[in-house]
Amino acid sequence: MKTPIAIAALLALTSGPALAQTVRMGTEGAYPPYNFLNDAGEVDGFERDVGDALCERAGLTCEWVTNDWDSIIPNLVSGNYDTIIAGMSITPERDEVIDFTQEYFPPDPSAYLAASDSADLTGGVIAAQVGTIQAGHVAASGATLVEFATPDETIAAVRNGEADAVLADKAFLEPFAAEDDGLMLVGEDVAIGGGIGMGLRESDTELRAKFDAAITAMKADGSLNALIEKWFEGRTGPY
Amino acid sequence: MLPYCADPDTLSGLTWLSCYLTTGKHMAFYLSFLTVMALLLVTAPTALLFGFGGAVAARSRIPPLRWLGLAYTSIVRGVPDIAFFLFFVIALDQAFEWVRHKVKCPDWTEAVRQGNDFVVCAAAKLPLSTAPQWMHEIYGFALAVLTFAIVFGAFAANVLSGAMRAVPRAQTETAEAYGMSRRQVFRRVTVPQMWVYALPGLSNLWMLLVKSTPLLFLLGVEDIVYWARELGGSKTARFSDYPHGDWRMWYFLALLVFYLLLTRVSEIILDRLMARLTHGQATVGADTRERAA
Amino acid sequence: MSCWQTIQDYALRSVGYGERLLPRDDFTLCHQFTLIGSGLIWNVYFGALALCFGFFLATGVALGKASPAPWLRKPAEWFVFVFRGSPLFIQFFLAYFFFITLNNTEIAGVSFRGAFDWFTSAWLGALVVLFLNTAAYSAEIFHGALQSVPRGDIEAADAYGLTGWPRFRRVIWPTMLRLAWPAYTNEAIFLFHATTLVFFSGFPAWQQKGDALYYANYFADKTFNPFVPYPILAGYFILLTLAVIGVCAVVNRRLNRHLPQDRRQRLKLRLRIIR
C-alpha cells in the first residue's frame, strides 16, 4: 500500500554527517525529589542536577526526555533514548536486560506512610505503584496489596482511607510526611533494592565507562554529596 | 508569565489563580489541546487512506491481496485498540530503523539484535540522535498518527467496502454497457457514488477517533490526559511554587467538558455535511440519515 | 514445573484461587498464556453483565428519547449525550473519584463511610460505569431502530386491536430489535474491548487480581519485552470477538426466523459502526 512512499519519506529525513554526540537522558518526571517537572514544565530535581553535572564532566551534550515508567526499559533497549536516569534501583532482574553504571545514590530504604500510628502493616491494605519492587514486596508479605498506576494515586489512596498505608522509597515519602499533618511514616524501614544507578543498553559499554568515570570523580570531590544534601533534607552525603 | 507572579506565596484568591493558570506547565497543557486537535485532523485523512487501501484490497480479484485485506481488517478490529498501542509503536519504530539500516549501512557486520538490544548503525537512527528535540517530538507524533491510522483504517475499510457494495448495481451495469473496463467503472462510478453511503459510518468513526485520543499518552505523546494527571496531582511546597492537594478531579472535569463540546460541534458539522451531500438525492439521503439517527 | 501444574496454579488466579504469589522469575510462555487467559474471566464478567443489564436500561432510555413528554425526553437525551460524548477512560476516572468522595462524605452528621466500599472496587464500580455507558450507546441504536419501525407494522397491530403495552411487547419491540441487531452486535464487540480499560484508568487492582490487560502488563513489565504478552492478549481477544459474533448470529437468526428466506438479513457487521 503506502509503504514505499513512507520509506522514501523516512530516508529523506536523514541529514548530513553526525555532529558532536548527543546523549538522550530518559526519565519519568513524576518522582520528586529524584525527578519531576517544575512549574515551567522542565525536568527538575536531584537527577537533573546529577545528570547535567555528569554530562559536563564527560564532555557530552545531553538532552532530557520524559517517558512513562511502564515502558521506560523497552524504549531504552529499542534506542529511543540512551540512558535511564529515573530513580531506578539496580536489581538483578533489570541487570539481565540492561546495564547499570555504579550507583550515584546509596540503597534507600523503603518506608510505610500511613494516616495513623496504628496502621496494620502486616495484615492491612497496603498501596504501591504497579510494577515497582515495593509492589512485589507487599504481595509476598501477606498484607493485602492494592496497586495504582502512579505514585500520586497511592498517596491519595491513603488520604481517602482506601488503603491503610503506602510502601514506597523513603526519600519520596518524606516530603509528604513533613508537610501533611495527617500523614506520617510508620513501622520499620524495609531494605529492598540496591542503590540507584543509570541504566544503559548492554551494547553501550563505551558510554557506560564515561559515566562511570564521571560518577567516580563526583564522588571523590564531594560534589555528589553536596547535591544529595541539597535535594534530600536531613541527609548527609554518604560518599 | 504575568509580571506580578514573581512571588506566588504572597498572593491569594484570583490573583493567585491567574498566576497558577499561566505557569509554563499550564501553557504546555493548553498547547496539548492543539496537539490533540492536530492529531485528529491529520489522522482522519490518513486513516481514510488506509481504509480505502484495505477496502480495495479486500475486494481485489488477486487472492493473496484479498486475503491480506481481509486479514488486516478482521484482525485489527478484533483487538482492543489499547492492546495495539502498548506494543505497536515500538514495533513500528524498530521496523523503520531496520529498513533504513539495511539500506544505509549494507556493510555493517554486527547483529541488529544483540540480546535484548536493538542496535542499528548511527545513520539509520530515526531521527538521528543529533537531531534537536523537536524533531524527536514530530517523529513521535508521526508514529502516533500512523498507529491510529492503522487501527482506524481497519474500521474505515469496513465502512468503505460496505459503501462500495451499496452503490446500486444498475449504475455499474450501465457503465459496463458503455464499454468501461472494471477499473474504469470503479474509478468513474463506484468511488464517486460511494461517499454518500459511507458518510454515516465515517461520522461515527470520527466520533470514535475523538474519544480514543485519551490513549495518546500510551504512544509517548504528551497529550491532555498526561498533563491533566501531572498538573492535578498533589504538589508539595518544596518542589513547586504553587502547592496544592489532589486536584485531578477538576482537571478531568475540564477534559470532560472539552470532549463534550468537541462531540457537539462535530455532530453539528457532520449533520450539515450530510444534508449537503444528500441534497437532491432525497430518497437515499432521507433513508441513510434516518438510519444514522 | 510442568505446564499442567501452572494451569492448575494460575487458571483461576484472577478471581483469587490458586497460588497467592504471581510467578516472579523464569517466566514461561505457559505462565503468560495461563495468567492472561485467567484475567480474561474479568473481561467476560464485565462485558456480559454490563450488556445484560444495559439492554433493559437502553430500551427504557430509547423509549424516553422518543417520548413526546419533555420531562422524559430531555433527561434521556442528556444521559445519552454525556455518556456517548465523553471518553470511557475519563468516565472511569471520574466515577472512581465520585465513589471515593461519596465514601468520605458526611451529611448532617451521618457518615457514609463504608457504605460505598463496594462501589470503589472494580467488580461493582467499574461494572456500573460500563453498564451506564453501554446503555447510552445501545439506547442510541435502539432509538434509531425505533424510528425506522415500518408504519405498516403499527397499523397492522392497530387493526388487531392491540394497544399500549401488548402492542409494544408483541409488535414494536421485536421489530426494533431485529432492525437494531447488526449495530448492537458491533456495540457488544466494542464493549468487550472497552473492559480492558477497567484496571488501566481509575480502578486499582487488589491483591494482583486483574483483567487480561493487567496480567499482560505485568509480564511486559517483568520480562521487559512487550512483544510476547500483548500479542497473546490480542489473540485471546480475537477469539472472544469471534465468540461474541457467533452468539449474536444465533440470536439474529432467531429474531429473523419468521421472515422469508431471501429477506433475512445476513448478519454481517454492518457498514455503520455506532460506537
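Contact here means heavy atoms within 4.5 Å. This is a predicted model, in which local features need pLDDT of at least 70, side-chain atom pairs count only at pLDDT 80 or more, and totals for chains, interfaces and linings use all residues. Residues are numbered from 1 along each chain as its sequence is written, and side-chain values use heavy atoms, with hydrogens and water left out.

Leaving aside residues up to four places away in sequence, Asp189(A) touches Pro109(A), Ser110(A), Ala111(A) and Lys170(A). Asp189(A) belongs to strand E12 (residues 184–190) of chain A; strands (E, at least two residues) and helices (H or I, at least four) are DSSP runs, numbered from the N terminus. Between the C-alpha atoms of Asp189(A) and Gly136(A), 53 residues apart along the chain, the separation is 16 Å.

Relative accessible area sorts residues as buried (under 20%), exposed (over 50%) or partly exposed (in between), with a 1.4 Å probe and protein chains only.

| Residue | Relative accessible area | Class |
|---|---|---|
| Asp189(A) | 38% | partly exposed |
| Asp25(C) | 51% | exposed |

Asp25(C) sits in the loop between helix H1 (3–10) and helix H2 (29–66) of chain C.

In helix H7 (residues 170–179) of chain A, the buried residues are Lys170(A), Ala171(A), Phe172(A), Leu173(A), Pro175(A) and Phe176(A). Their cover includes strand E2 (30–31), strand E8 (110–114), helix H6 (151–159), strand E11 (165–169) and E12 of chain A.

Chain A as a whole has nine helices and 13 strands. Of its 239 residues, 56% count as buried. Among contacts in chain A between residues at least 6 apart in sequence, 68% join residues at least 24 apart.

Note on methods:
Chains lettered and ligands numbered in written order.
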